[in-house]
Amino acid sequence: MINKLKSKDLIGTKDLSPEEILLILDTAESMKEISSRDIKKVPALRGKTIINLFYESSTRTRTSFEIAGKRLSADVVNISVSTSSVVKGETLKDTAKNLEAMNPDAVVIRHSSSGAPDFISKILKCPVINAGDGAHEHPTQALLDLFTIREKKKELKGLKVSIIGDIAHSRVARSNIYAMNKMGMDVTVSGPSTLIPVDIEKMGVKISTDVKKAIEGADVIIMLRIQLERQEKGLFPSIREYSRLFGLNTEKLKNAKEDVIIMHPGPMNRGVEISADVADGQYSLILDQVTNGVAVRMAILHLLTGGA
Amino acid sequence: MIKNSKTLIKNGRVIDPANKIDTVLDILIENGKIIEIGNSLTTHHSPLTTIIDASDKIVVPGLIDMHVHLREPGYEYKETIKTGTEAALAGGFTSIACMPNTKPVNDNQSVTDFILDKARKEGVVNVYPVGAITKGLKGEELSEIGELKSAGVVAVTDDGKPVMNSELMRRAMEYASMFDLPVLSHCEDLHLSEGGVMNEGFASTELGLKGIPNTAEDVMTARDIALSELTGARLHIAHVSTRGTVNLIRDAKNRGVKVTCETAPHYFTLTEEGVRGYNTNAKMNPPLRSEDDLKAIRDGLKDGTIDVIATDHAPHEASEKDVEFDKAPFGIVGLETALPLTLKLVEDGVISLNDAISKLTVNPAKILGINKGTLSVGSDADITIINPEEVWQINVKKFKSKGKNSPFNGWNVKGMVNTVIINGVKQI
């Protein structure tokens, strides 16, 4: 059994071994217990400074990292940077060098450019944690998804997972595909053919543009957010048609397994990719994901920031 | 140059594809011209004769790069006519054609005059400006191509951008034909490539970067070939990167269409895999393609479909490339690495040394209609002498170019420029 991660950073699940994924999930279990206490704080990262560097708006992920850091007694600093292209700000390189000069113990970054965490990880000596970069990876989301699935299903290996929606622009899909394949799960991606990226089958997934087939027999369904801008780019004709063909509702769910679980990384478009009754229904684990997100991020901060 | 001085290049393997010469010969130069080529030439020990011993070396016509971005006027922080031509010289090039996407754009006589004047004063190789097809490269109205021709441009192009309006491209071809100017086409359908930063394929899917499909290049190549057939204009397709485009050009040539094309060393050396790690020095337009495309480019070079090897030398300041991948500008430098990368093709058995030299000399000269690229008696004494066996390491810090944006930094390569003579004067 390993007891630490080999890389300084967490850029993507692509770089993690199955043993490392299990280590994170197991560590997160004890972290979850902390969150259930009356006094939700342990001194593990006392005296450590964690910077949340967010170039994209985010409520859930930023708050989740902030709470995770604070429950471990770290000092958490939030930096929100406007990415307005009108005002030309400091380069990412200069920002990273300035942060380095303040000697942080971890930097959590979200950025609209794929590769931005990788870029700053080469400048910063401290761990860099990717909180979502472009359409590349969102590893903590995938890890909290795995944690949530394991909590419910006990065993990951052999589970059938369908990820439905805008696969092309989804960092959540990519991180989940890497992580789930490593854990021996069977992943199908589904959505309109215009939003399935080329050669994705080489990542080891099946493709189905028929959502009904993707739902049938799935143990886990992950719905992804659809963004309105995609319609303007001609990737689908209307929200109405998207919802009708690819949205998850009670009717489509009739084909699902009895014990299916439904997840969504948020924020949801109720009534678009997921109907309200399904989102709030008995199969939904959407709020469990949020709860578990804190535990998983505590585990990652703990493992990377030297609390041994 | 001292008047009446002579230079004698002795015992080199002389390769002059235009004259089908490939043998050990001597070359005698006087007053900037090649005056004699033959065996065991002597100069009767004239004290004014410089003798260059080219034993074990290859003596070729001065190399010609028909696709260079010199950046001046307007972007002197990236490159100047001085530094760009110094880079060309270091790479063995004696003549280069410079693209019009400067600031201001070379779409009128005054800019052409400026470039030629600067090149005379500060340039160290022959500079041939290429004019814009449309004013400001906007793709809306034709430039004054007649005036550009009389000012000295050797071709027209909107390089960096395509002329998306097919009617305007048709008229540009018809109009340029009156002046016997080739139209150099940057083939890219801007709708298909919109937002793209690398080749569309497995790597772009994994990296989460927007891809540019091969089709963006191929549909425009097909269009321009059709327009060339319609108008009878001389069409030259710039920086070919895809199998589809190679096939289209091969078929068009077989039909007798007046189409020629070039590729760049990076397209026959690297693939999209080079982008992994978000390497902005592997970002150019068109992008590095798949292994299959690379193979097709090599086949196209081999069977003669691809006439020319040109660099698309595109210098940028270091800080411009040291950013997030999607924010970095397209383009890499190439003048100081093209020769060894081309010689590697020869070593790998893809093309013969003679073909390689043709694609770097006489072929681009013919397309541009410039009186260069041969070692014929009476021609300008532009000569490059190569030491084919010298192994060296590419080091961007040693580049003469201001641009250090090369994906080949640190590569060990074989084949070094030994001597460069321009208009009879030894420059290196």
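I take a salt bridge to be a side-chain nitrogen of Lys or Arg within 4 Å of a carboxyl oxygen of Asp or Glu. The model I examined is a predicted one.

**Entry 1: charged pairs between the chains.** I looked up Asp322(B) and found that it forms a salt bridge with Lys93(A). The closest N and O atoms of this pair are 2.4 Å apart, so the pair falls within the 4 Å limit. I then took the count for chain A against chain B, which is three salt bridges. For polar contacts I noted twelve residue pairs between the two chains, both residues being at pLDDT 80 or more.

**Entry 2: the side of chain A that touches chain B.** I asked which helices of chain A each supply at least two residues to this side. They are α3 (92-101), α4 (116-121) and α6 (171-182). Of the elements, α4(A) gives the most, with three residues. By class, I recorded nine nonpolar, six polar and nine charged residues on this side.

**Entry 3: extent of the interface.** I found 24 residues of chain A in contact with 17 residues of chain B. The two chains bury about 1600 Å² between them, 50% of it on carbon and sulfur atoms. Ser114(A), Phe119(A) and Val198(A) supply 27% of the area that chain A buries against chain B, more than any other three residues.

**Entry 4: a strand pair in chain A.** I turned to β1 (residues 49-54) and β2 (residues 75-80) of chain A, which pair in the parallel sense over six bridges. Within this pair, Ile50(A) stands opposite Val76(A) of β2(A). I followed the chain from β1(A) through helix α2 (residues 60-71) to β2(A) and noted that this β-α-β crossover is right-handed.

Note on methods:
Residues numbered from 1 in each chain as written. Chains lettered and ligands numbered in written order. Predicted model: local features only at pLDDT ≥ 70, side-chain atom pairs only at ≥ 80, totals over all residues. Heavy atoms only, no water. Contact = heavy atoms within 4.5 Å. Buried area = accessible area lost by both parts, 1.4 Å probe. Polar contact = N/O pair within 3.5 Å; in protein donor to acceptor, adjacent residues only side chain to side chain. Helix = DSSP H or I, 4+ residues; strand = E, 2+ residues; numbered from the N terminus. Nonpolar A, V, L, I, M, F, W, Y, C, P; charged D, E, K, R; others polar. Pairing = 2+ DSSP bridges. Right-handed = clockwise from strand over helix to strand, strands pointing away.
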